[in-house]
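The sequence and structure are shown first.

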Amino acid sequence: MAGGGEELKLLGMWASPFVMRVKLALGFKGLSYEDVEEDLFGGKSELLLKSNPVHKKVPVLLHNGKPVCESQIIVQYIDEAFPSCTGPSLLPTNPYERAIARFWGAYIDDKLLASFLQSARCKTEEEKVEGQKQTAVAVENMEAAFKEISKGKPFFGGDTVGYLDVTLGALVSWVQAAEKLYGLRLFDATRSPLLNAWAERFAALDTAKAVLANVDKLVEYAKHRQAAAAAASSN
Amino acid sequence: MASARGGDELRLLGTWSSPWVIRVRVALGLKGLSYDYIEEDLSNKSDLLLKSNPVHEKVPVLIHAGRPVCESLVILEYVDEAWPSTTGPPLLPCDPYDRATARFWTAYVNDTFLPAYRALFRSLTEEQRAEAFKNAVPKVETLDRALVECSKGKPFFGGDTVGLVDIALGSHLVWIRVVDEVAGTNLLDGAKFPGLAAWAERFMAVDAVKEVMPDAGKVLEQYKGFRAKWIAAAGSTST
């Protein structure tokens, strides 16, 4: 439970992996919060526009009314603002290990996710192939990172979930949805056996089960968004 | 330079004009840390660089007691945390909310401002230049407002002293001015953005910054060299 007098409100959207990332962090830290669902396509709320005027995006975490934006920044904020809550620290305490966690956190969004999205969304065959190539490299790097960082333990964070588990774990439902939508498999038993096992292990955790969106619903959502985009561009 | 605490070995792999390397050099200077600087030839990367940053093969890389730290902002936070009680004040504030704010604006510099500025840096035609400039100005407006919010009337984004946001943005100032000179633009226009322009002067006057900023004339020559290559490459693609 959040401490007495601490109000946490999360502006989000059920399908956003970046919102899921924040919910995972809140869940693993044992913090309760008000979950506010934004209608991103119908009309963003006044509160969202006021709280994130620069990007107008979710997630936004409001702590006693003060907004924190950008999912990885929010996760680090949660870790630092609530040091004595029920869950363990998400970032390691050792400065070098923290640097490693931050490095791979950036890599997950800037390289792994970016190339995966390119391979899924790109229109030309050439761009798609390039995206797939880069994704394969990114997965290979991530697999090696997991091996080195976990040191044989179940999670990036060791025995318990840490920063990288939350950062990458947030993508797991979409990774599964992408397989159904595009036939693209991000983690597989042959080329990334450790990450493949980790993904299953992570998704089986109670907090993950409570937070990660239903894969079939994501598939339906993606198809709906694609149709809406196609209709818009043909007008 | 003041000596590193505890005789820990510090090496920095960099290139003389890279603003990302300058970020790290400014931070190390502010912290009073001495280090071995190794100039890399990016067309012929050293074994040490390739071994230390196999994922990106880029500079800067900070090697501390043999262990590499990569990515300029990761290095900055590492330097702040690994040497908490050095001569200079912390690069990040102590309060978690203020830290989140500093990280937000640093991410804005990296993910929103710099890509827009990069389009100006890379523009070859008058048309591209005008488009890029038009797109970059609103980002500068936002940073001008951010300065007011973060500084709360004090000289820097970090308050009384230089902080993470100051370093992240300020380290690009020589390049911004060089690109302005060649493009005939004025991105940090003192008339439109007096707060930010004054901040830029203050940042450039800080000792730790003056010591490591590359010579503007040399940067200009390097930029002209890049442009000549890009123009030649653009001209040689047949239509």
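## Cis peptide bonds and positive phi values

Pro59(A) sits in the loop that links α2 (46–51) to β3 (60–63) of chain A; helices (H or I, at least four residues) and strands (E, at least two) are DSSP runs, numbered from the N terminus. The peptide bond from Val58(A) to Pro59(A) is cis, with omega near 0°. In chain B, a cis peptide bond joins Val59(B) and Pro60(B), with omega about 0°, and Pro60(B) is placed in the loop between α2 (47–52) and β3 (61–64). The model is predicted: local features need pLDDT of at least 70, side-chain atom pairs count only at pLDDT 80 or more, and totals for chains, interfaces and linings use all residues. Residues are numbered from 1 along each chain as its sequence is written, chains are lettered from A and ligands numbered from 1 in the order in which they are written, and side-chain values use heavy atoms, with hydrogens and water left out.

Most residues other than glycine have a negative phi, and most peptide bonds are trans. Lys56(A), in the loop between α2 and β3 of chain A, has a positive phi near 55°. Its relative accessible area is 39%, so Lys56(A) is partly exposed; buried means under 20% relative accessible area, exposed over 50%, and partly exposed in between (1.4 Å probe, protein chains only). Glu70(A) has a positive phi near 80° and lies in the loop between β4 (66–69) and α3 (71–81) of chain A. Glu70(A) counts as partly exposed because its relative accessibility is 27%.

## Architecture of chain A

Chain A holds 10 helices and 4 strands, in the order β-α-β-α-β-β-α-α-α-α-α-α-α-α from the N terminus on. The radius of gyration of chain A is 18 Å, close to the 18 Å that the globule rule gives for 235 residues, so the chain is as compact as a globular protein of that length. The radius is taken over C-alpha atoms, and the rule is 2.2 Å times the number of residues to the power 0.38. Along the principal axes, the C-alpha atoms of chain A fill a box of roughly 55 × 50 × 30 Å.

In chain A, 49% of the 235 residues are buried. Among its contacts (heavy atoms within 4.5 Å) between residues at least 6 apart in sequence, 67% join residues at least 24 apart.

## Architecture of chain B

Chain B has 10 helices and 4 strands, running β-α-β-α-β-β-α-α-α-α-α-α-α-α from the N terminus. Its radius of gyration of 18 Å agrees with the value near 18 Å for a compact globule of 239 residues. The C-alpha trace of chain B spans about 60 × 45 × 30 Å along its principal axes.

Buried residues account for 53% of the 239 residues in chain B. Of the contacts in chain B between residues at least 6 apart in sequence, 69% join residues at least 24 apart. Chain B exposes about 10900 Å², with 53% supplied by carbon and sulfur atoms.

The largest nonpolar core has 154 residues, of which Trp198(A), Phe113(B) and Trp199(B) touch the most other members. Helix α4 (residues 96–122) of chain B gives the most to this core, with 14 residues. Such a core is a set of buried Ala, Val, Leu, Ile, Met, Phe, Trp, Tyr and Cys residues joined through side-chain atoms within 4.5 Å. Beyond its neighbours within four places in sequence, Trp198(A) is in contact with residues including Phe146(A), Pro154(A), Phe155(A) and Phe187(A).

Helix α7 (residues 173–183) of chain B is largely enclosed by the rest of the structure, because 8 of its 11 residues are buried. Among them are Leu173(B), Trp175(B), Ile176(B) and Asp180(B). The cover over the buried residues of α7(B) includes α1 (19–30), α4 and α10 (216–236) of chain B.

## Leu194 of chain A

Leu194(A) belongs to helix α8 (residues 193–203) of chain A and counts as partly exposed at 33% relative accessibility. Leaving aside neighbours within four places in sequence, Leu194(A) is in contact with Glu143(A), Phe146(A) and Lys147(A). Leu194(A) and Pro154(A) are 40 residues apart in sequence and 9.4 Å apart in space, C-alpha to C-alpha.

Conventions:
Accessible areas come from the Shrake-Rupley method with a 1.4 Å probe; for residues, only the protein chains shown count as cover.
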